[in-house]
Amino acid sequence: MKRSRVNAIMAEAEEMIARFGFVLPPFAWWDLAQFRANLPAAQRLIDARMGWDITDYGQGDFERLGLFLFTLRNGELSDLQAGGGMAYAEKLLISRRDQISPMHTHVLKAEDIINRGGAGLAIELYGSDPEGRFDPEAGGRVMCDGIARDFHPGEVIVLRPGESVTLRPGDWHAFWGEGGDVLIGEVSTVNDDLTDNIFRDPIGRFAEIEEDEPPRHLLVSDYDRFLA
């Protein structure tokens, strides 16, 4: 993706987030110089990979296959493993109309996916085989706002604003905006986008950026390169 396109997506996301009454934390608005000026105090949010995240999954077609994310907070894996402390994370996402976030699951992360506003959020669901691998013939059970719901393999559920689904490791899922763009909340256990996204098909998690203009704000995938 060109940096100019990433910058434009950020501006569009800022507008949509504000329209639904959400306010991003102060570090969201830092430019590169401000990030560098706030080192080392900001090292925790860098290590936790909090902040802007825009991906086309390395496929070069963001409108068809892509996702906007902003990680608001993220705990520590050591706390999760110890069973206490900051074992949680929170994100905002934007899924555009018919823009697919591809079929995947997580090994560790359990998550509530919440429709925060806009159109419907369509989620396609499959279960796993005994080893946790994608199984095209497996269904399962999820919780929708605390109510148990069985699903058939490949069933698509549509969450309306205010509705949510709880997904656990081994619940394979893909999602997209149904009938328009949708603002999504994610509340989960500790998030690790480097190793805990297991895709059904061979695909990348992060976009490759072509630098045709300066970054509006850094992506989490920029931290190692710009802040080393």
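## What counts as a cavity

A cavity here is a set of grid points where a 1.4 Å probe fits but cannot get out. This is a predicted model, and by that rule it has 3 cavities of 30 Å³ or more.

## The largest cavity

The largest cavity holds about 150 Å³ of space. It has 18 lining residues, and the ones closest to its centre are Leu-67, Leu-69, His-104, His-106 and Asn-197. Sorted by class, the lining comes out as 7 nonpolar, 5 polar and 6 charged residues.

Which strands supply at least two residues each to this lining? They are S2 (67-74), S3 (88-95), S4 (101-105), S5 (111-126) and S10 (172-189). S10 gives the most, with 3 residues.

## The second largest cavity

Next comes a cavity with about 40 Å³ of space. Its lining is made up of Leu-77, Leu-80, Leu-108, Val-190, Asp-192 and Asp-196. That makes 4 nonpolar and 2 charged residues, with no polar ones.

## Strand S5 and its partners

S5, one of the strands lining the largest cavity, is worth a look of its own. Of its 16 residues, 12 are buried, so the strand is largely enclosed by the rest of the structure.

S5 runs antiparallel to S10, and 14 bridges join the two; one of the pairs puts Tyr-126 across from Trp-172 in S10. S5 is also antiparallel to S8 (residues 155-159), with 5 bridges between them, and here Ala-122 sits opposite Val-158. Then there is S9 (residues 164-167), again antiparallel to S5 and joined to it by 4 bridges. In that pairing, Glu-111 faces Leu-167.

Note on methods:
Residues numbered from 1 in each chain as written. Predicted model: local features only at pLDDT ≥ 70, side-chain atom pairs only at ≥ 80, totals over all residues. Heavy atoms only, no water. 1 Å grid on protein atoms, 1.4 Å probe; cavity = no way out; pocket = protein on both sides within 12 Å on 5 of 7 lines; lining within 4 Å. Points joined across faces, edges and corners; volume = space filled by probe spheres on them. Nonpolar A, V, L, I, M, F, W, Y, C, P; charged D, E, K, R; others polar. Buried < 20%, exposed > 50% of the residue type's maximum accessible area, 1.4 Å probe, protein only. Pairing = 2+ DSSP bridges.
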